[in-house]
Amino acid sequence: LCRKSNCKLQMNMHIPSRQNIFREMRDYLMIALGMIMYGIGWTVFLLPNDITTGGVPGIASLVYFATGLPVQYVYFGINFLLLLLAIRILGWKFSIKTIFAVFTLTSFLPIIQQLCSSDLTDGVHLLNDQPFMACVIGASFCGGGIGIAFSSNGSTGGTDIIAAIINKYRDITLGRVMLFCDLIIISSSYFVLKDWEKVVYGYVTLYICSFVLDQVVNSARQSVQFFIISEKYEEIARHINVYPHRGATVINASGFYTGKEIKMLFVLAKKRESTIIFRLIK
């Protein structure tokens, strides 16, 4: 009977319900929104003002400044190689949404650039004579877009993939990992732009982007504790043990007011996994 019940539980977990489908659709919509925000911050505010950002977009920006090659081609080419690494280490569940994010951003970049240079907008570049405000607003858009993507288990690729891999094994904030990975890229922009002022703007952009990312993902505390009180504690514990593959401790407890003996689950998980556990409990 135990084997039959476990098999039935596993079968039910693999059958997508309408609620799970709706949640997945919402995740993809939020990832698309995050990519649009990132594309606006990058190509509307940063790129026209010769401000370099970090990661693969930073490399694509440097290639664009040096050769004029559209940023979407370099961005997609480098991410293709990094996605192969992500599939091996992070698995398909993370990588599929990352692939979707990369394709979405690659598709929207030429559209946003065309809108900015079209006759309808008279080729307007916002804050063209105010580079500091451009880097603040552009970095806020980029950081917010990456944060939305991470909150929906997605990524923009590039150093986001590297940050997610390190975050899987170490309790280091995503923004901090990206900060260290991107310093070299921004520093090297001097060899292309020959302007230390633009390099400083790049540092400011990187800091603001990392700060906004951490605020959106709320990863100031990398681990969280769950105390779950439910009559279905066994079923909840089994689900949490399968995915997100976390252990659970059963604690004997009693209500102070009622004096009723109850079972309480104690679960220790990463901050990024809290949304998954809340959904399982619900």
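A nonpolar core is a set of buried Ala, Val, Leu, Ile, Met, Phe, Trp, Tyr and Cys residues joined through side-chain atoms within 4.5 Å. Buried means under 20% relative accessible area, exposed over 50%, and partly exposed in between (1.4 Å probe, protein chains only).

The model is predicted: local features need pLDDT of at least 70, side-chain atom pairs count only at pLDDT 80 or more, and totals for chains, interfaces and linings use all residues. Residues are numbered from 1 along each chain as its sequence is written, and side-chain values use heavy atoms, with hydrogens and water left out.

**Stop 1: the core.** Select Trp42 and Tyr75. Within the largest nonpolar core, of 36 residues, these two have the most contacts. Contact means heavy atoms within 4.5 Å. Now show what surrounds Tyr75. Leaving aside residues up to four places away in sequence, Tyr75 touches Trp42, Val56, Pro57, Ala60, Val102, Leu105, Thr106 and Thr156.

Another core lies apart from it, with 11 residues, including Phe226 and Leu265.

Stop 2: Select residues 249-254 and 261-270. These are strand 2 and strand 3, antiparallel and joined by six bridges. Strands here are DSSP runs of E, at least two residues; helices are runs of H or I, at least four; both are numbered from the N terminus. Two strands pair if DSSP finds at least two bridges between them. Pick Val250: its bridge partner in strand 3 is Leu265. Six residues separate the strands of this hairpin, and Gly259 in the turn has a positive phi of about 75°.

**Stop 3: Phe80.** Find Phe80 in helix 4. Phe80 counts as partly exposed because its relative accessibility is 47%.
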